Amino acid sequence: MGGPGRYTERFALRVGSCVAAGLLVLAGCSAGGGGARDGAGAGPSPSGGSGTAPAPVPGTTGASGVPLVPELDEAKQPKDAAGARGLLERITVEPEAFGPGVVRSSPFESAPGRWPVLDQGCVWQTSGLPEDVLATVTRHFHLPAEGGRGRVKLTSTVTVHRDRTESGWETARAMEEVLRCPHQVLRDGEEINNLLGASFYLGEQLNGWTEDAFNEFGEYLSEADGGPYRYVWYQAQFGPVTVAVAGKGAAGFTKQEIDALAVQGTSRLMLQAKLALAKGGV
């Protein structure tokens, strides 16, 4: 796993993602990959703007205000599933971290030991954990409908891989899924359409906060809730850990508001990952 040939393939996927998303039109794809489109930078600012890195939360920036990615302490990496599950308990996000009014959904946690798989028909299924994953957990939140606006759904996912090579390949696979399936069925009565993706290594497109960032944007439609509404997925990596937050919009919400909720949650999770696995903490 992870030889030179596989990294070459991953680079090709990254460039392909830029072209497929139309990123060349707006910002171009350099030899290092990356680019930007409407809302597809490394994350919007707190004010809802797009094309910049997610706003850091307290404890993630140095004296200059530049986001930091500390050095991974490999001795802290879990060696087995039990250690990975213990790490998951330290990398969590509470509802208030997303913003005012967000609450836990019921059921709150997805079944442990299950892994999402996008089949050849672009329909999401579940299977057992792949060999490279030690543990994963997905938690569900929402912003209740009120004031004439609909119910926004949020999910957070934290995954512990055996090493940072495999966590990086999770990002590569996410890129491939967008290219292969710009239309995806989440479950009966729920789908996402017109998906575009962009991925940025550390140092690309203002990504100074995560080793590898992946953003996915599209339209969410639901038989129960209507649509199309904003759909967004933000994913970040530190060492063997990936963290991600998905946001499904609702009536009365702008795409900037949905992006801001997802960015805030992802930033908090990444801070927890750094606190747990960095040398000397953050």
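User: Happy to look at this one with you. What does the secondary structure of the protein come to?

Analyst: It comes to six helices and 10 strands. Keep in mind that this is a predicted model. Of the 282 residues, 50% count as buried, and residues 24 or more positions apart account for 62% of the contacts with a separation of 6 or more.

User: How many disulfides does the structure hold, and what makes the pair of C122 and C181 a disulfide?

Analyst: The structure holds one disulfide. The sulfur atoms of C122 and C181 are 2.0 Å apart. A disulfide needs the two cysteine sulfur atoms within 2.5 Å, so this pair qualifies.

User: Which parts of the chain does that pair link?

Analyst: Distant ones, 59 residues apart. C122 sits in the loop between β2 (114-118) and β3 (124-128), while C181 is in the loop between α5 (164-180) and β6 (184-187).

User: Why is the disulfide called left-handed?

Analyst: The torsion about the S-S bond of C122 and C181 is about -75°, so the disulfide is left-handed.

User: Are C122 and C181 buried or exposed?

Analyst: Both are buried. The label stands for a relative accessible area under 20%, so C122 and C181 each fall below that cut-off.

User: Let's turn to α3 (81-88). Which of its residues are buried, and why are they said to be on the same side of α3?

Analyst: The buried residues of α3 are A84, L87 and L88. They cover an arc of only 100° around the axis, which puts them on the same side of the helix.

User: What do the buried residues of α3 pack against?

Analyst: Their partners are β4 (133-143), together with β5 (152-161), β10 (241-248) and α6 (255-277).

User: What is the volume of the second largest pocket, and which residues lie nearest its centre?

Analyst: The volume is about 200 Å³. The lining has 14 residues, and R85, L88, P112, A135 and T136 lie nearest the centre. L88 also belongs to the buried residues of α3.

User: What makes R85, for one, a lining residue of that pocket?

Analyst: A lining residue has an atom within 4 Å of a point of the pocket, and R85 is listed in the lining, so R85 meets that cut-off.

User: Which elements give two or more residues to the lining, and which gives the most?

Analyst: α3 and β4 are the elements that give two or more. β4 gives the most, with five residues.

User: How does the lining of the second largest pocket divide by class?

Analyst: There are seven nonpolar, three polar and four charged residues. R85, an arginine nearest the centre, counts as charged, because Arg belongs to that class.

How values were computed. Residues are numbered from 1 along each chain as its sequence is written. This is a predicted model: local features need pLDDT of at least 70, side-chain atom pairs count only at pLDDT 80 or more; totals for chains, interfaces and linings use all residues. Side-chain values use heavy atoms; hydrogens and water are left out. Helices (H or I, at least four residues) and strands (E, at least two) are DSSP runs, numbered from the N terminus. Buried means under 20% relative accessible area, exposed over 50%, partly exposed in between (1.4 Å probe, protein chains only). On a 1 Å grid over the protein atoms alone, a cavity is a set of points where a 1.4 Å probe fits but cannot get out, and a pocket is an open set with protein on both sides within 12 Å along at least five of seven lines; lining residues have an atom within 4 Å of a point. Grid points are joined across faces, edges and corners, and a volume is the space filled by probe spheres set on the points. The arc is that of the directions from the helix axis to the C-beta atoms. Contact means heavy atoms within 4.5 Å.
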